[in-house]
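Okay, thanks for coming, everyone.

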Amino acid sequence: MTHLTQPPVFHDQNSLITDLVIPCVDVAGGRTQTPAGIPGLHDPSDAVAVAAKYADDGANKLFIDVIDPWERVSDHLPPLLRRLKGTGLCLIVSVGHGVIPSVDDAGFLLEAGADVISASTSVIESPEVVKEAISRYGGGRFNIVINSRPREAGRWTVYTHNGSRKTPVDSVELARELGHLGVGTLLPNAVDREGVGQGYDLALTRTVAEASGLPVIASGGCGTLEHLTQALGKGGATYVLVNSMVHSGKYSIAGIRDALYAASPFR
């Protein structure tokens, strides 16, 4: 009898909880934008070495935020993504602050090794390109980042170009439209909270999740383990994005997993 290799159907709670945590690596010129403080790294600016550490710790997904503009990535990005694929992680890839110049460029990323393309600026500036790419490759291959700043109680405004340019678009209305479009996930990013470590904007995360009906990745402001449990609870998030808290070496993916498991009502 021939036995076909297939992924396991059932997982223990620890592995499931690890899947909720998505580390982010900022890359410029093929290397981490800032050296990692993770213990045991021979080269703390090697994005693949950092990713391998996260994978060894139990991470299943990785957000690769490529800061370089598209005209600078054609040579070094494909080999980098091939090396990153060797870690076994599912790769969510953003280039040039969420720009997709064309449908063919989206295909280039997928062929190079991206499992999911992350878009933000192009959703506002080139919506037809994004819609055509989704139509061609499927909504499940796209994550949309909604960079947001609060306008008034319960209302947020969309910003493009990594949160530097204000638009007239309402974040919740955009989330509702994207829900109808059927993209895979949304990432409502609280721009004002990035790097501050004071916690996610739980109202933003929850409202976007409710308006879109899609899985949501909480982003912007995480600094403690409690912030993660808040996002997955009160914030209504399906996933949590972590960057500096793990890149700095302050926390490990395994440590976060154990803390979330200890806080789980199902343990």
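Helix H4 passes H6 in a right-handed crossing, meaning that the near helix is turned clockwise from the far one by less than a right angle. This is a predicted model, where local features need pLDDT of at least 70, side-chain atom pairs count only at pLDDT 80 or more, and totals for chains, interfaces and linings use all residues. Residues are numbered from 1 along each chain as its sequence is written, and side-chain values use heavy atoms, with hydrogens and water left out.

So how do you describe a pair like this? Two packed helices are described by the angle between their axes and the distance between the axes. Here, the axes of H4, residues 103–112, and H6, residues 127–137, come within 9 Å and cross at roughly 50°. That makes H4 oblique to H6; under 35 degrees would be roughly parallel, over 145 roughly antiparallel, 65 to 115 roughly perpendicular, and the rest is oblique. The axes are lines fitted to C-alpha atoms over the stretch in contact, with angles running from 0 to 180 degrees between N-to-C directions. Helices are DSSP runs of H or I with at least four residues, strands are E runs of at least two, and both are numbered from the N terminus.

Who touches whom? On the H4 side you have Val103, Asp104, Ala106, Gly107 and Leu110, and they meet Val129, Glu132, Ala133, Arg136 and Tyr137 in H6, with contact meaning heavy atoms within 4.5 Å. Those residues divide into 6 nonpolar, 1 polar and 3 charged.

Now, salt bridges: a side-chain nitrogen of Lys or Arg within 4 Å of a carboxyl oxygen of Asp or Glu. The count comes to 12. Take Asp115 and Lys85, at 3.0 Å, N to O. Asp115 is in the loop between H4 and strand E5, and Lys85 is in helix H3, so the pair ties together parts 30 residues apart in sequence.

Next, Asp170 bridges to Arg151, with the closest N and O atoms 2.9 Å apart. Asp170 lies in strand E8 and Arg151 in strand E6, so this pair links parts 19 residues apart in sequence. Buried or exposed? Asp170 is buried, at 10% relative accessible area, while Arg151 is partly exposed at 40%. The cut-offs are under 20% for buried, over 50% for exposed and partly exposed in between, with a 1.4 Å probe and protein chains only.

Last one: Glu173 and Arg176 meet at 2.7 Å, and both lie in helix H7, 3 residues apart, about one turn.

Conventions:
Nonpolar A, V, L, I, M, F, W, Y, C, P; charged D, E, K, R; others polar.
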